[in-house]
Amino acid sequence: MSKIIFFGPPGAGKGTQAKIISEYLKIPHLSTGDILRKKLLDKDNLAIELKKVMSSGNLVSDDILNSIVSSRLQNEQSSGFILDGYPRTLKQSEFLNNFLSNTSYSINFIFNIQIDFNTLKHRILLRSSEENRDDDNIDVIETRYNEYLNSTQQVSDFYKNKFKEIFHEIDGSLQIEEITKKIKQILKKS
Ligand code: AMP
């Protein structure tokens, strides 16, 4: 069963593609952003803390993310999964590697969706009016993009070097359908 990671800066379209591909392969889509946004609805102390961090565009702590992901992966690993938005730091990637080696499962595909800052700024602003997310505004976009450059790009570079044969660069400036087509072609070839 396929185990897939999607990387890319905020606004690159990884969430959209992860959802389409999860329906196509009939495997769960684990979006850590979606899981965290759901937790905000609890309105408890954790939700208040998460809201502060997320609405400023910073990353939530590795401990919180690792515990969310490991409990979800315990249930999903046998049927395959798509990770969207995780791992985002080297600590999270170490945790995932340990988790996978303990279960002797491995990742089959990694898609890195690339896009330039101006295009994604435009996209995120459009999404903010459609989805009403309070971390999609011009002040926060830069923080989120910098978090990506400072933390997550190191993680994708690590995977790119370590798992060359399963790491695929995708041009995120293409239309949604074209990107999906390219991803499906790669999935079919392997
Ligand atoms: P996303 O929907 O993936 O853009 O995530 C929205 C926000 O949730 C991010 O800006 C972070 O504040 C938080 N978040 C999501 N995934 C992670 C992660 N793996 N590590 C830390 N924070 C995360």
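Select T32 and the ligand: an N or O atom in the T32 side chain is 2.8 Å from a nitrogen atom of the ligand, a polar contact (a pair of N or O atoms within 3.5 Å). This is a predicted model, in which local features need pLDDT of at least 70 and side-chain atom pairs count only at pLDDT 80 or more, while totals for chains, interfaces and linings use all residues. Residues are numbered from 1 along each chain as its sequence is written, and side-chain values use heavy atoms, with hydrogens and water left out.

At R88, a polar side-chain atom lies 3.0 Å from an oxygen atom of the ligand. The protein buries 96% of the 480 Å² that the ligand exposes when taken alone (accessible areas by the Shrake-Rupley method with a 1.4 Å probe).

Next, show the 16 residues around the ligand (a heavy atom within 4 Å). T32, N58, G85, Q92 and R144 come nearest. Colour the shell by class to see 6 nonpolar, 5 polar and 5 charged residues, with Gly counted as polar. Helix 2, residues 32–40, gives the most to this shell, 4 residues (helices are DSSP runs of H or I, at least four residues; strands are runs of E, at least two).

Finally, select strand 3, residues 81–84, which pairs with strand 2 over 3 bridges. Within strand 3, I82 is the bridge partner of H29.

Technical notes. Pairing = 2+ DSSP bridges. Polar contact = N/O pair within 3.5 Å; in protein donor to acceptor, adjacent residues only side chain to side chain.
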